[in-house]
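Please open the model in your viewer and keep a selection panel at hand. The tour below goes from a pair of helices to a pocket and then to an annotated span.

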Amino acid sequence: MAFGAFDNQITRRGYVTAQMDEIWSERSTVQSWYDVEAALARVQTAIGMIPEGTGARITEQAQATDAAMEQIFGGGTGNPFALGLDALRSALDDDRRPWVHYGATTQDILDTARGLQIRDSLDLIDDCTDKLLARIRDLAGVHAKTLMVARTNGQHAVPTTLGMRFARWAADLERSRDRLTETRQRCLLVQFSGAAGTYASMGEHGTTVAMGVAKELGLVCELIAWHASRDGLTELACNLAIHAQTLAKIAEDLYDMQRTDFQEAAEALDPHLSGSSTMPQKRNPFSTMKITAAARMAAGAAATVLTNPPGDFERDHRQLEVERDAIPRILAAVDGAGQKLLELLDVLEFNAGQLDVNARREGVLLVSEGIMMELASRLGHEGAHDLLQEFSAAYRAAGTSLREFVDARPEIAEKLDGIDLDELSDPSSYTGLSAELSRRVAAGQPHTGTGVTE
């Protein structure tokens, strides 16, 4: 029985990519156990803890073969990891069999093996994020001067450019990518310190083995045990959820831009992806809806990790049980959302003409801030603000032009002599640094620190 959208074979294709599916498959999970066991054996062989040649022989047999998988699946309700060890030992001769899992404990292997799967999952997400950034930066440059309206609190605010919107998305993704990069040092850890973090089972070789396994596997070695300290994985879950929300923000903007009322963007009609079974004309933004839904599910799973009770003393297996479900689910949701957004951007068209029309829908009101700032030098900020607020009411009520409004007030008109009110009324003249910032992002130039133009 499949219990959710990520598990059901009918619905999971909308969320889980084939690559992520492979990383967290049963066979790959077992293979990750065996990869850790093999690395342990190689390190122990190299330092003389176990007989010469044992590490190489265990590595040779540490494969999640069909026979091994059948042994694990056919083992009833016992510990699957123990069954996996039995399968590995059964493939070895009597001289090598005793040295499998030598001095290790189950959670050491499971935590370290999961680190390998998390690393591969993050590689997928990073690759997708890099491609998204390249695509969005390109769009920022293409549309650096494409006029559009900025909306705040659901209302028209001031003119901006489409490039500026892309620039903001790029900046969001860059910060998100940086967080995930920094998290790697605290979540891709080996766990090899014995039953309670004392290294007692390894004797004098304890820390040498831990560091050696980390080097073999390309993970990070933290000598102090983290069996009951899950802050690294909690940080990972939270940063992934933030990344998912970043993707959802982009998707939500694109969802709204495709509204019939806006018509600022459109996805080509695909009867199987965006069509309606009853309304032939519909182009539903299902891709963006899947992205935002995945982000919500990632956030929910991250909340479960975040509210997981602190581990009891030196070890608490209850934490492991929660993470076993939540961490892969979060990674799958984020990867799927990113890949879907990347595919969407490749087929989405942006309607520059309609963007311009929407920007001019409220006429001069869209640039009332700019006019106010120009008049403030003559009337003071408060006076200019009150005047423009009064003008806005007159414009909405009777369509009164700014020139007519000012000419009807001789005492104001006299103070504004020499100001070109018509030029001030053009939305394209009040986009600020939108084009410059868009081009800067498109060129991959830094957009933090002091100064924008050079």
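Helix axes here are lines fitted to C-alpha atoms over the stretch in contact, and their angles run from 0 to 180 degrees between N-to-C directions. The model is predicted, so local features need pLDDT of at least 70 and side-chain atom pairs pLDDT 80 or more, while totals for chains, interfaces and linings use all residues. Residues are numbered from 1 along each chain as its sequence is written, and side-chain values use heavy atoms, without hydrogens and water.

Select α6 (106-142) together with α7 (residues 162-187); helices are DSSP runs of H or I with at least four residues, numbered from the N terminus. Their axes come within 9 Å and cross at roughly 160°, and α6 and α7 are therefore roughly antiparallel, a term for angles over 145 degrees. The crossing is left-handed, meaning that the near helix is turned anticlockwise from the far one by less than a right angle. The contact residues of α6 with α7 comprise 14 nonpolar, two polar and eight charged, where Asp, Glu, Lys and Arg count as charged, Ala, Val, Leu, Ile, Met, Phe, Trp, Tyr, Cys and Pro as nonpolar, and the others, Gly among them, as polar.

The axes of α6 and α11 come within 10 Å and cross at roughly 20°, so the two are roughly parallel, which applies to angles under 35 degrees. This crossing of α6 and α11 is also left-handed.

Now select W24, E26, T29, R324 and P328, the closest to the centre of the largest pocket among its 35 lining residues. A pocket is an open set of points on a 1 Å grid, where a 1.4 Å probe fits, with protein on both sides within 12 Å along at least five of seven lines, and lining residues have an atom within 4 Å of a point. α11 gives the most to this lining, with eight residues.

Finally, select residues 363-442, where UniProt places "domain: Adenylosuccinate lyase C-terminal" in an unreviewed entry; such annotations may be inferred rather than shown by experiment. This span is 69% helix and 0% strand.

Conventions. Angles under 35 degrees count as roughly parallel, over 145 as roughly antiparallel, 65 to 115 as roughly perpendicular and the rest as oblique.
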